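Colleague: I would like a close look at one part of this model, the cavity and the strands around it. Please start with the confidence.

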Amino acid sequence: MTTTTSHVPEYVPESEGPDGGVAAARPARLIHTESTTEIPVHLLFREEPAAPPAEVKRPAVVAHRPPPEKEDRDTRDIGVRARASAPGVDPDIVERPARVLPGIAGVLAGVCGAAGCAVTAWWAGVLPPFPAEAFGRSAGAGGPGPAQWAAFAGAGALGLFGFGGLARGRTGRAWVLELFGRYRGTVRGTGLLWVNPLLLRRRVDVRLRHWRGEPLPAADRGGVALRVSVLVVWRVRDTARATLGVEDHEGYLRACVEAALLRVPVAAPGAGRGAVQATQDVLTRLVAADAGPVGVEVCAVRPLRVEYAPEVAAAMHRRRLAALDARHRASVVGAVVDSVEDTVTRLTMRGLVDLDDYERQVLVKDLTVAFCAWRGETGS
């Protein structure tokens, strides 16, 4: 058994005939199967046991394009395979609530600190003349000692911590808190809160967001270059991973969308609703699988505008016009044939004319020319 890369029949070299002449070359007796494997006929009728078949190598030909249903199945499986190859993040980086106090606690601490500073100043006798006379103590009666300085420092620190830690929590916003580079928790509360002023705060938007990207390169099932604008609906699910697990989660999401468009065949312009929905589902699964480990939840990736790339737009436009023209011509020819058949059938069945085969052919020809000319004038 031999394997070739072509279906062209092989020829036996020329040989001398019985009369001394040269016999013409004749094709070898081969049975061609649907593949590129060729089996000599004499091997099919051998009585002795044949040798064990040798391993057949794959023919060196370009693989055929899979059927459409297989392409759809492969496209649906892209998202499943993408989950297995999704990037990983440090498992210790997980969002957890931070320890905060109500805002009233910070206000009370700040008021107490300010009051302590005023009392310490009165105790040390460093009040201005008017307050000193109001409290019945002469200004400058004595300088502040170590005890006064310590009380003043403690009251001042209490006031600074009380007022400096006040923060206003808003709906849809969160703070990621860090202390010397270590994650300390996330604040999702609303209203007046008190947060340790020594912690570094990073504000994160956790609302449902969307952005419409600029046209990105893509391709359809046939490999034709496209430009696709997509609408991505997303939100931050894990603030710790979105802030600490990646440098810029918005830029990372844009990169995931661009990579998904290069891996998924996009429905060509003018495709049906089912093809567009299938493309949207696969894109959403791919981007969600890539962006999930960094704390970003992708709700939908919808292609908004699909158009051919500039380098192929003119050729595809001509191809579409040619297809429309061919479809129109086919419909016109079908209508003309139906009209001619109906006319001849009516004339014959009603007994208006008695036609033989030749006359019938002439009548059909004349009617076809007349109907085509009439439709051409109507279309113009």
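What pLDDT does the chain average, and what share of the residues score at least 70? After that, which residues line the largest cavity?

Modeller: This is a predicted model, in which local features need pLDDT of at least 70 and side-chain atom pairs count only at pLDDT 80 or more, while totals for chains, interfaces and linings use all residues. Residues are numbered from 1 along each chain as its sequence is written, and side-chain values use heavy atoms, with hydrogens and water left out. The chain averages a pLDDT (the predictor's confidence in each residue, from 0 to 100) of 75, and 69% of the residues score at least 70. Over residues 1-37 the pLDDT is below 50. Where pLDDT is low, the predicted coordinates should not be read in detail.

The whole structure holds 1 cavity of 30 Å³ or more; a cavity is a set of points on a 1 Å grid over the protein atoms alone where a 1.4 Å probe fits but cannot get out, and lining residues have an atom within 4 Å of a point. The largest cavity has about 40 Å³ of space, the volume being that filled by probe spheres set on the points, which are joined across faces, edges and corners. Its lining consists of R168, G169, R170, R173, A174, W175, V187, R188, G189 and R203. β8 (173-179) gives the most, with 3 residues; strands are DSSP runs (E, at least two residues), numbered from the N terminus.

β8 also sits in an open sheet of 3 strands, in the order β9-β8-β11 with antiparallel pairing; two strands pair if DSSP finds at least two bridges between them. β9 (182-187) and β11 (200-205) are at the edges with a single partner strand each, so one side of each has no neighbour in the sheet. Between β8 and β9 there are 5 bridges, and L177 has G185 in β9 as its bridge partner.

How values were computed: Contact means heavy atoms within 4.5 Å. On a 1 Å grid over the protein atoms alone, a cavity is a set of points where a 1.4 Å probe fits but cannot get out, and a pocket is an open set with protein on both sides within 12 Å along at least five of seven lines; lining residues have an atom within 4 Å of a point. Helices (H or I, at least four residues) and strands (E, at least two) are DSSP runs, numbered from the N terminus.
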